[in-house]
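Work through the exercises below with the structure open. Each task is followed by a stepwise solution.

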Amino acid sequence: MKISLLIHYISTAVIIISVVSYARAETLHDAIQRAWKNDPNLSSFHIDALSSKKEVKSARSWFPDSPMITGEYLDDHFIGSKVGYTTYQGGINFPLWLPGQSRALSNEALGNQAVAEARAQVQKLVTAVRIVTLTSQATLQRETVRNLRHADVLLGNIAHVTAVAYQNGEVSGSDNDAIIAEKEELEGKISDASQSLESIQSDIQALTGSDEIPDLLSLSGHILEGRNMALDIEKDPRVRLAEAVRKLSKASYAVVRHSQIPNPRIGVMVSRQEQYESPWDTQVGVQLQIPLPSSARNTPREMKAVRAMAAADRDTILARRKVQTEYRQIHTRFRSSLITLQHSKATNAALQKRADNLEKAWKMGEAPIIEYLRARRSALEAQQRASQANVVWHTAMIRMMLLTGETP
């Protein structure tokens with residue numbers, strides 16, 4: 001979407017949206033920040049990144065494994081021999097890096113660190129979207145309760161007048177029953193909506209530690225001004241995670257390719273022999289161990305790494321497609337929600353005026369009570385649609401900000 005068109009929608013939204021403020025409502029930014037702070041997954045990813053960073057240092061050490069000390073003692077006295085053969089033997093050997101193995105392991109550790117950091121960013125996005133979703137649901141339910149209570153107050157006034165008129169024989173019993181039934185239905189809807197609101201608030205409290213509903217409707221289109229709202233797929237945390245996993249799979253394959261045999265070992269050994277009239281007693285030598293490659297060991301490891309690379313390539317392509325589709329849907333939802341909001345507000349104003357006129361006509365005996373109730377019900381439904389469109393527009397705007405890496 002072009003920037004000029006985006007600014008046009010923003011300006012229009014600022015004109016048509018009346019901001020409703022609520023007491024004690026916290027900002028959406030604070031709620032998201034607290035949810036991040038309380039998310040145990042982020043702490044786990046942070047530890048993973050630190051662990052991988054230490055693995056990078058270990059991959060650059062002198063030896064790939066610990067040195068080994070060996071010792072032997074041989075004596076023929078244990079079998080009752082009187083010849084007197086006694087041998088002391090000891091040594092120490094060190095493992096050696098294979099060519100390119102140290103660098104490959106270091107790159108793999110760096111890949112693990114990048115994956116952990118990318119997972120943390122994805123988790124932040126998921127948590128923020130979850131907070132925005134719950135906030136929009138709670139705000140919509142709160143608006144629903146408010147609209148229902150407003151309609152209930154209006155209908156309560158009519159019910160009081162109708163009850164008095166019914167007692168005086170000025171209104172039929174069917175009209176009085178219709179008012180009572182309509183009011184009872186409204187109170188039942190209020191109870192259901194209030195219960196749903198409490199359930200959503202409990203979910204918000206589980207994430208943020210507070211059941212306060214963040215103030216979503218106080219955010220206007222002005223928050224998009226001066227921000228770079230261009231959606232870049234390559235900067236999306238989910239695409240970055242897929243790329244990090246793909247690079248890690250290649251680094252793991254390089255480790256396998258540079259580890260075709262177990263690490264060779266080299267060391268020194270000392271042997272001392274004690275024997276009657278022996279011409280020697282002490283010897284010093286060099287010990288070298290070089291394992292030979294085995295296809296039975298290497299082929300399964302290589303094929304496992306190859307399959308991991310193929311899966312990573314596939315996931316990267318799918319991640320780009322998914323994000324591209326989501327970006328387009330968010331843009332479309334943002335534009336359509338603004339248009340829907342305009343029409344719903346106009347419809348709401350017209351139906352509210354019609355219900356007020358029918359109320360006056362009914363009081364003057366020019367319209368039946370059933371027509372007034374239908375008009376009031378239509379006005380309530382229009383008010384609910386207007387509230388829903390307002391919440392949907394705000395939610396789409398915040399989702400766009402989150403996808404560009406901004407926090408409201």
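**Exercise 1. Find how β1 is joined to β2, and name the bridge partner of T70.**

Solution. 
- Step 1. This is a predicted model. Locate β2 at residues 86–95.
- Step 2. Eight bridges join β1 to β2, and the two run antiparallel.
- Step 3. Look up T70: its bridge partner in β2 is G91.

**Exercise 2. Work out the strand order of the sheet, and explain why β1 and β4 each have a side without a neighbour.**

Solution. 
- Step 1. The order is β1-β2-β3-β4, an open sheet of four strands with antiparallel pairing.
- Step 2. β1 (68–75) and β4 (282–289) stand at the edges. Each has a single partner strand, so one side of each lacks a neighbour in the sheet.
- Step 3. Neighbouring strands are turned by 15° against each other on average, ignoring direction.

**Exercise 3. Identify the nonpolar patch on the surface, and decide whether I290 is buried or exposed.**

Solution. 
- Step 1. The patch consists of W62, F63, L96, I266, V268, V286, L288 and I290. Together they have about 830 Å² of accessible area.
- Step 2. β3 (265–274) and β4 are the elements that give two or more residues to the patch.
- Step 3. I290 lies in the loop between β4 and α7 (295–363).
- Step 4. Exposed means over 50% relative accessible area. I290 has 53%, so I290 is exposed.

Definitions and conventions:
Residues numbered from 1 in each chain as written. Predicted model: local features only at pLDDT ≥ 70, side-chain atom pairs only at ≥ 80, totals over all residues. Heavy atoms only, no water. Pairing = 2+ DSSP bridges. Axes fitted to C-alpha atoms, helices over the stretch in contact; angles between N-to-C directions. Patch = residues over 30% accessible without salt bridge, like charges linked within 9 Å, V, L, I, M, F, W, Y side chains within 5 Å. Areas by Shrake-Rupley, 256 points an atom, 1.4 Å probe, with all protein chains shown as cover. Salt bridge = Lys/Arg side-chain N within 4 Å of Asp/Glu carboxyl O. Buried < 20%, exposed > 50% of the residue type's maximum accessible area, 1.4 Å probe, protein only.
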